[in-house]
Amino acid sequence: KLTCERRPGSKGHEEVDAKIFAEWGIDFVKEDSCYSSTIHKVAFREYARMRDALNRTGRPILFSLCGWREWYAEPGGSLGNMWRVTP
């Protein structure tokens, strides 16, 4: 999938990208929901894939998510280390 800027993103490549981020010494990853599903459970699983991939690297990487929808507010703490939503 694409980033908000219509560039290639990590969706479908979470494991590979997380490993590369850890190898590079990255300590902060922000993921937006510009092209995520509008189906709540699907969108939450999409964020969880990157969260889990980052956690599996063994490197402490802060995972920030930007949901753009208020329904991300409640599960935000279970999906990332920090999160932002807008009404």
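Biologist: Leaving aside neighbours within four places in sequence, which residues is Val29 in contact with?

Modeller: Val29 is in contact with Phe21, Leu54, Ile61, Leu62, Phe63 and Ser64, contact being heavy atoms within 4.5 Å. This is a predicted model, in which local features need pLDDT of at least 70, side-chain atom pairs count only at pLDDT 80 or more, and totals for chains, interfaces and linings use all residues. Residues are numbered from 1 along each chain as its sequence is written, and side-chain values use heavy atoms, with hydrogens and water left out.

Biologist: How do you know that a disulfide joins Cys4 to Cys34?

Modeller: A disulfide is a pair of cysteine sulfur atoms within 2.5 Å. The S to S distance of Cys4 and Cys34 is 1.7 Å, so the pair qualifies. The count by this rule is one disulfide.

Biologist: What makes this pair a tie between parts apart in sequence?

Modeller: Cys4 lies in the segment before helix 1 and Cys34 in the loop between strand 1 (28-32) and helix 2, so the tied parts are 30 residues apart in sequence. Helices (H or I, at least four residues) and strands (E, at least two) are DSSP runs, numbered from the N terminus.

Biologist: Why is Cys66 called buried, and Cys4 partly exposed?

Modeller: Buried means under 20% relative accessible area, exposed over 50%, and partly exposed in between (1.4 Å probe, protein chains only). Cys66 has 1%, so it is buried; Cys4 has 32%, so it is partly exposed.
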